Amino acid sequence: MFALSTKNCARLGLLAAAALATGSAFAHPGHPGAHMDASASFMSGFSHPFSGVDHLLAMLAVGLWAAQNKQRALWVLPLAFPLMMVVGALLAIGGMSLPAVETGIAASVAVMGLLIAFAVRMPLWGSTAVVSLFALFHGFAHGAELPHGSMAAMYGAGFVLATAVLHATGLIVGVVAGQKMADRVVRIGGVGIAAVGAYLLAA
């Protein structure tokens, strides 16, 4: 595994700063609609993380990276992401602003892919902080796209459950790969995720 030294921390910090300084990635326009009941609101929220490759890959990546870090990260990271995502959604629904949301989402894909590709291990507080920061951007985007007339609580429950499913999928793949000595396959997958993130940042 790739031990995270002070030098590597600095490099990751520079990478994140550079990513956040670039232009916006894929847009996430709102989806106005008629008044929705609880079921429709829930399904709208559940489908949202699957509607964009950026959300999809970032959430899978959290599970993969948690599997690489092992120990408490196996449950802390997949728990921290949706919790902070709810915070981001509440900020958006409450009318607050968050700069560079789309760029932050694209950066999450690129950075998480690199963390997986190099099998970077951080102290638990550090990995939790990284995941939580990116979750804030994803959650804000979800909240900003709350369909008109939908029930916010059910919409939120939907995207949180979808996020949990994607985290669990990444986690299972990562754990199984580790047991079968297929870590290199996961790391190659990380390279692919990072490449998509780089494309989103450049788009």
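Reader: What is the phi of Met181, which follows α7?
Author: In this predicted model, the phi of Met181 is positive, near 55°.

Reader: Which other residues show a positive phi without being glycine?
Author: Ala100 and Ala119 are among them. Ala100 has a positive phi of about 55°, and Ala119 has one near 50°. As background, most residues other than glycine have a negative phi.

Reader: Where do Ala100 and Ala119 lie?
Author: Ala100 sits in the loop between α4 and α5, the latter covering residues 101–117. Ala119 belongs to the loop that joins α5 and β2, with β2 at 120–121.

Reader: Buried or exposed, in the case of Ala119?
Author: Ala119 is buried, because its relative accessible area is 1% and the cut-off for burial is under 20%. Ala100, at 36% relative accessibility, is partly exposed.

Reader: Back to α7, then. How many residues does it have, and what span does it reach?
Author: Helix α7 has 28 residues, and 40 Å separates its first C-alpha from its last. That is close to the 40 Å expected at 1.5 Å a residue.

Reader: Which of its residues are buried?
Author: The buried residues of α7 include four glycines, Gly156, Gly158, Gly170 and Gly174. Tyr155, Phe159, Ala162, Thr163, Leu166, His167, Leu171 and Ala177 are buried as well.

Reader: What do those buried residues pack against?
Author: They pack against five helices: α2, α3 (53–69), α4 (73–93), α6 (124–144) and α8 (183–202).

Reader: Which aromatic cluster does Phe50 belong to?
Author: Phe50 forms one aromatic cluster with Phe42 and Phe46. By the pairing rule, the count comes to 3 aromatic pairs. One of them is Phe42 with Phe46, whose ring centres are 6.2 Å apart and whose planes meet at 20°.

Reader: Why is that pair called stacked?
Author: The pair is stacked because its planes are at 20°, and planes under 30 degrees apart count as stacked.

Reader: How far apart are Phe42 and Phe46 in helix α2?
Author: They are 4 residues apart in α2, which runs over residues 38–47, so about one helical turn separates them. Phe42 is partly exposed at 22% relative accessible area, and Phe46 is partly exposed at 21%.

Reader: And what about the rings of Phe46 and Phe50?
Author: The ring centres of Phe46 and Phe50 are 5.6 Å apart. Their planes are at 40°, so this pair is tilted.

Reader: Changing topic to Val109: where is it found, and is it buried or exposed?
Author: Val109 is found in helix α5. It is buried, with a relative accessible area of 0%.

Reader: Which residues does Val109 touch, leaving aside those up to four places away in sequence?
Author: Val109 touches Asp54, Leu57 and Ala58, and also Ile193, Ala194, Val196, Gly197 and Leu200.

Reader: What separates the C-alpha atoms of Val109 and Ala61?
Author: A distance of 7.7 Å separates those C-alpha atoms, while the two residues are 48 residues apart along the chain.

Technical notes. Residues are numbered from 1 along each chain as its sequence is written. This is a predicted model: local features need pLDDT of at least 70, side-chain atom pairs count only at pLDDT 80 or more; totals for chains, interfaces and linings use all residues. Side-chain values use heavy atoms; hydrogens and water are left out. Rings of Phe, Tyr and Trp (its six-membered ring) pair if their centres lie within 6.5 Å; planes under 30 degrees apart count as stacked, over 60 as edge-to-face and the rest as tilted. Helices (H or I, at least four residues) and strands (E, at least two) are DSSP runs, numbered from the N terminus. Buried means under 20% relative accessible area, exposed over 50%, partly exposed in between (1.4 Å probe, protein chains only). The expected span of a helix is 1.5 Å times one less than its number of residues. Contact means heavy atoms within 4.5 Å.
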